[in-house]
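Visitor: I would like to go through this model and ask what stands behind each label.

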Amino acid sequence: MTIGNGPEPESLDPQKATSVSAGNVLRDLYEGLTGLSPSGELIPAAAESWTWSADGRELRLQLREGLCWSNGDPLLAEHYVAGLQHLLDPATNSGYASLFAAIEHGAEITAGRRPASDLGVMADDARSLRIRLDRPLASLPGLLAHPAASPLHPADRLAKPGNVRIGNGAYRLVEWAPQSRIVLARNPLYWNAVATTIERVQFIPTEDLNSELKRYRAGEFDITSTVPAAQAKWIREQLGSELHVATYLGSYFYGYNLTQPPFKAQPKLRLALSMVVDRELIVDKVLHGLATPAWSLVPPGISNYSAQRPAWAALPRAQQLAEARRLYAEAGYSMEHPVEVEIRYNTSDDNKRLAVVIAAMWKQALGVRVKLVNEEWKVFLQHRRSRVVTQAFRNTWIGDVDDASGFVELFGTQHPRNDSGYAEPAYDQVLQAAAEQTDPQQRRAALEAAERRLLEDAPILPIYFYASKHLVKPQVEGWQDNLLDWHYTKDLHLRAH
């Protein structure tokens, strides 16, 4: 099987990688304690069962008998302990550590105030594991399916960053030729290898979506990473039965760098730029209906959460533009003296088309002078995280579990993916209140209040909510669309054609 996989993965270290393209590969190379079914429902994986303590503060898991690493070494409960310790160790600098900060002493460990060995995860014996929590975390079993919660082989403790040596998933790494291909082979030592029918899978980096479509049509790919929005009409007409479009927990937005001019201490400027963006036009004309307009960060469809929307979003278009011009003037700018802004994005035709359209909207409504900066993925990530040269930049967040907290926590002051540098004590306090809340409705209210505060301060410009979009060849069997858009090769089959 050959799969188009988007940008080149930045790493195949499960505790360090954060991109969607890396996650697609890591779910084949490693297996968590839990997993997802093809339809996206939580199922046992390396752990055959789990139970909660009466107070909801301890999760006990029982591993399957006879688990092995891909090199034949026994896979023990202590290796999952090591993986979680490595994840929360500040030296790892994982973008996903915050997801697991509720584990006992987790926040203190990531802050460098305790050693990783103090983490509240214990192996009682070779197959029994306990995870203690500082606060309730009902989503923990689902989080344990995430690649970041993968086990760590003792030999890999000393591995160079990014290296992949030994996994425990249904596949093992055969070759990684950067910017060319990642090749995996079926792991015969996987506990359910008998049900894995695809012998070999290769993931091909595909930043050029038009090229990916051409290669799919030529029979080189069985599955695409996405589809080019500009080709949506033709694809629906010619390949309609092979096109899969589904609800997806993902947000596409522009971040503003709040640590540098022109956006530092300029909430009115940030809000003015957000208000003049015509999201319906973008979704209709630029994305050809393959998305949903967004005025907020948290996508629709998340359980126990109501979509938030700024009051100005309900205004007629003319009033939005008038209010944007007023705020722009109060920020010190005008048509005669416009702000100059760089929009930075990673290589992609769709990213470029969107940036061109937003730049035109800014210029027409406010006179903004825009420079577009296109960068290769790894360079773009580095610049975004360092907050030195960025001004406005393309950003996204894909949900890791069906819970709103993963989105609103992104902008906590200490969150490693807070690339805007948003630092607001009042926002942090509301996040903390939500984290400590045991009542589901009060927790929901706190998270919703946090997002409303975020929309008022405008460290981001929400643009659209993703739909997952793939072309899948008819000979691929077992594919099911799901909310997280997670697909394991072990669940797929190739019919002869």
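The dialogue below sets labels against their criteria.

Guide: Keep in mind that this is a predicted model.

Visitor: Why is the pair of Tyr-252 and Tyr-464 called stacked?

Guide: Rings pair if their centres lie within 6.5 Å, and planes under 30 degrees apart count as stacked. The ring centres of Tyr-252 and Tyr-464 are 4.6 Å apart and the planes meet at 15 degrees, so the pair is stacked. It is found among the 11 aromatic pairs of the whole structure.

Visitor: Why is the pair of Tyr-464 and Tyr-466 called edge-to-face?

Guide: The label edge-to-face requires planes over 60 degrees apart. Here the planes stand at 75 degrees with the centres 5.4 Å apart, so Tyr-464 and Tyr-466 are an edge-to-face pair. Tyr-464 and Tyr-466 also belong, with Tyr-248 and Tyr-252, to one aromatic cluster.

Visitor: Why do Tyr-252, Tyr-464 and Tyr-466 count as buried?

Guide: Buried means under 20% relative accessible area. Tyr-252 has 2%, so it is buried. Tyr-464 has 8% and is therefore buried. Tyr-466, at 16%, counts as buried because its value is also under that limit.

Visitor: What makes E6 and E7 a hairpin?

Guide: Strand E6 (residues 121–125) and strand E7 (residues 128–132) pair in the antiparallel sense over 4 bridges, and 2 residues connect E6 to E7. Within this pairing, Leu-129 in E7 is the bridge partner of Ala-123.

Visitor: Why is Asp-125 called partly exposed, and what does its side chain reach?

Guide: Partly exposed covers values between the 20% limit for buried and the 50% limit for exposed. Asp-125, in strand E6, has 42% relative accessibility and so counts as partly exposed. Its side chain reaches the backbone nitrogen of Ser-128 at 2.8 Å, and a polar atom of that side chain lies 2.9 Å from the backbone nitrogen of Arg-127. Polar contacts require N or O atoms within 3.5 Å.

Visitor: Why is helix H7 described as largely enclosed?

Guide: Of the 9 residues of helix H7 (residues 267–275), 7 are buried, so the helix is largely enclosed by the rest of the structure. Among them are Leu-269, Leu-271 and Leu-273. The buried residues pack against elements including E11, helix H8 (279–286), helix H14 (440–457) and E16.

Visitor: What makes Pro-462 buried, and which residues does it contact?

Guide: Pro-462 lies in strand E16. Beyond its neighbours within four places in sequence, its contacts include Tyr-252, Phe-253, Ser-274 and Trp-295. The C-alpha atoms of Pro-462 and Thr-292 are separated by 11 Å, although 170 residues lie along the chain from one to the other.

Visitor: How do you know that a charge sits over the ring of Tyr-216?

Guide: The charged atom must be within 6 Å of the ring centre and within 35 degrees of the ring normal. The charged end of Lys-473 is over the ring of Tyr-216, 4.1 Å from its centre. Arg-64 lies over the face of Trp-191, at 3.7 Å from the ring centre.

Visitor: What is noted about the backbone of Asn-304?

Guide: Asn-304 is not a glycine, yet its phi is positive, about 55 degrees. Asn-304 is placed in the loop between E12 and H9, and with a relative accessible area of 35% it is partly exposed.

Note on methods
Residues are numbered from 1 along each chain as its sequence is written. This is a predicted model: local features need pLDDT of at least 70, side-chain atom pairs count only at pLDDT 80 or more; totals for chains, interfaces and linings use all residues. Side-chain values use heavy atoms; hydrogens and water are left out. Two strands pair if DSSP finds at least two bridges between them. Buried means under 20% relative accessible area, exposed over 50%, partly exposed in between (1.4 Å probe, protein chains only). A polar contact is a pair of N or O atoms within 3.5 Å; within protein, one must be able to donate a hydrogen and the other to accept it, and residues adjacent in sequence count only if both atoms are side-chain atoms. Rings of Phe, Tyr and Trp (its six-membered ring) pair if their centres lie within 6.5 Å; planes under 30 degrees apart count as stacked, over 60 as edge-to-face and the rest as tilted. Contact means heavy atoms within 4.5 Å.
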